[in-house]
Amino acid sequence: MIAFGTTVVLSAIASVASSQDTVYAVYMFHRHGDRTSKATPPTSLTVLGYDQVISSGTYYNKRYVDASSPNYIAGLSTSLVKNSQIAVSAPADTVLQNSANGFLQGLYPPVGFQTDTLANGTTLSAPMNGYQLIPIGLTSNGAGSENNGWLQDASGCANAVTSSNNYFFSKEYQTLLNSTGSFFTRLDPVTNRTFADSYMTYKNAYSIFDLINVARIHNKTIQSDNLLDAPTVLELQVLANQHELGLAYNASDNARAVPGMQLAGEIVTFLNNSITTKGASKFGIQFGSYNFFMSFFGLANLTSVNANFTGIPDYASSMVMELFGPNSTSYPSPSDLKVRFLYSNVSTGISGGPVAYPLFGGSALEVSWTDFQNNMSSFGIESTAKWCSVCGNTTGVCASSSGAAGASGSSSSSSTSGSHMSNAVAGVIGAMVTLAVILGLEALVALIAGLRVVKKGKSVPANGSKA
């Protein structure tokens, strides 16, 4: 997959831990590895994708699990995984969940020959060369599945749905829809085995890009590939970036970025728990789709740091929050702790390590824990009550939360009222009306743009061939 589709080159200082610092906890959000096209479901992780996530896990083993590393997480078990120290989650999805499994194989590889002697004298050898079993918590029941073309995971959020729908009324969308018609029509000979002619518009920019991108990675031959010169491919990706960012984030309406708001709340909750337990929770790892990255990038004002943060992250990309402080024989005071943000727009281990960037529109690569917590909590969702308030929902799980601690969709103060939102609850919320929303969105766009909605049976041929 081509990185971002912009001409801006990443330029930031790689993070190197000071000998005076110790990393006490880490929260990581990771994208899945290379996969098959969404236009030809079921979408599945490829061998290349499996290799990407294992390579990433191996890199982070050297960075955080290896006790000789300057970034080693203090007290983290270095050989045998200690499951109480880490929390791993992913949607119940064959691409994301399998990516998490692959990553963990690299993070904590098999430990080699082991035996266990039973009371009756039987000796058993550990299977698969001591393969380590690490539980993965399921964060949703498929709302953010890689089989869904539209990745707004929080589609059960009424205000987020309205905000995303508003993109299709925007001047930006209408301008691009009208100005790019001939561009997408030119690509019809490349995609006509999969997509109907009427499908080839800016409305479906990401799906078209995804099909062609997957084909360029895996297919030795592509029909009409003479049309796919470098400028055309670059323009296609730029358009896909604009389309997906338009759905994931809007500076004047944060409700559109609910996935990023939920992620911010989960990060703060995990790191705060690590502090209050003096390091009992050490490593949080979550796998998810690219819209979480994009909405979070906007909320954390990373889009002002580098234009590359306005694009779709590559396969196996990862972002990390490192909680660190001075070396000490006892756990530091919260006032002595800091956080740094690191990002890799490709699988680490293949391309090198992640790079540090300043958060919240500042210039410093390190932020005090207090400032970090305050900034994240200004837009993060850390409880069911706050989710209900931001989303404007008053039924279902929100029936008892309406009128509770609230915040507007644009900003809110840090609040702990209302119960903390578990991953399970968040998943149920995110999935409640996904199907209805997707169907409604298709109808809405067709009405606005004068487009014909094409059923999958008409856009994908019976023989299942693809570009």
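## Exercises: charges and rings in a predicted model

Arg-63 and Glu-322 are both buried (under 20% relative accessible area with a 1.4 Å probe, protein chains only; over 50% is exposed, in between partly exposed). Before we dig in: this is a predicted model, where local features need pLDDT of at least 70 and side-chain atom pairs count only at pLDDT 80 or more, while totals for chains, interfaces and linings use all residues. Residues are numbered from 1 along each chain as its sequence is written, and side-chain values use heavy atoms, with hydrogens and water left out.

**Exercise 1.** Work out which salt bridges involve Glu-322, and what network they belong to.

*Solution.* 
- Step 1: Take the cut-off, a side-chain nitrogen of Lys or Arg within 4 Å of a carboxyl oxygen of Asp or Glu.
- Step 2: Check Arg-63, whose salt bridge with Glu-322 has its closest N and O atoms 2.9 Å apart. Arg-63 sits in helix 1 and Glu-322 in strand 7 (residues 318-326), so this pair ties together parts 259 residues apart in sequence. Helices (H or I, at least four residues) and strands (E, at least two) are DSSP runs, numbered from the N terminus.
- Step 3: Check Arg-340, which also bridges to Glu-322, with the closest N and O atoms at 2.5 Å. Arg-340 is in strand 8 (residues 338-344), so here the linked parts are 18 residues apart in sequence.
- Step 4: Follow the shared partners: Arg-63, Glu-322, Lys-338, Arg-340 and Glu-366 end up in one network.

**Exercise 2.** Find the ring that Arg-340 lies over.

*Solution.* 
- Step 1: Require CZ of Arg (or NZ of Lys) within 6 Å of the ring centre and within 35 degrees of the ring normal.

**Exercise 3.** Classify the aromatic pairs Phe-168/Tyr-173 and Phe-195/Tyr-199.

*Solution.* 
- Step 1: Set the rules: rings of Phe, Tyr and Trp (its six-membered ring) pair with centres within 6.5 Å; planes under 30 degrees apart are stacked, over 60 edge-to-face, the rest tilted. The whole structure holds 27 such pairs.
- Step 2: Phe-168 and Tyr-173 have centres 4.9 Å apart and planes at 80°, so they're edge-to-face.
- Step 3: Phe-195 and Tyr-199 come out stacked, at 4.3 Å centre to centre with 20° between the planes.
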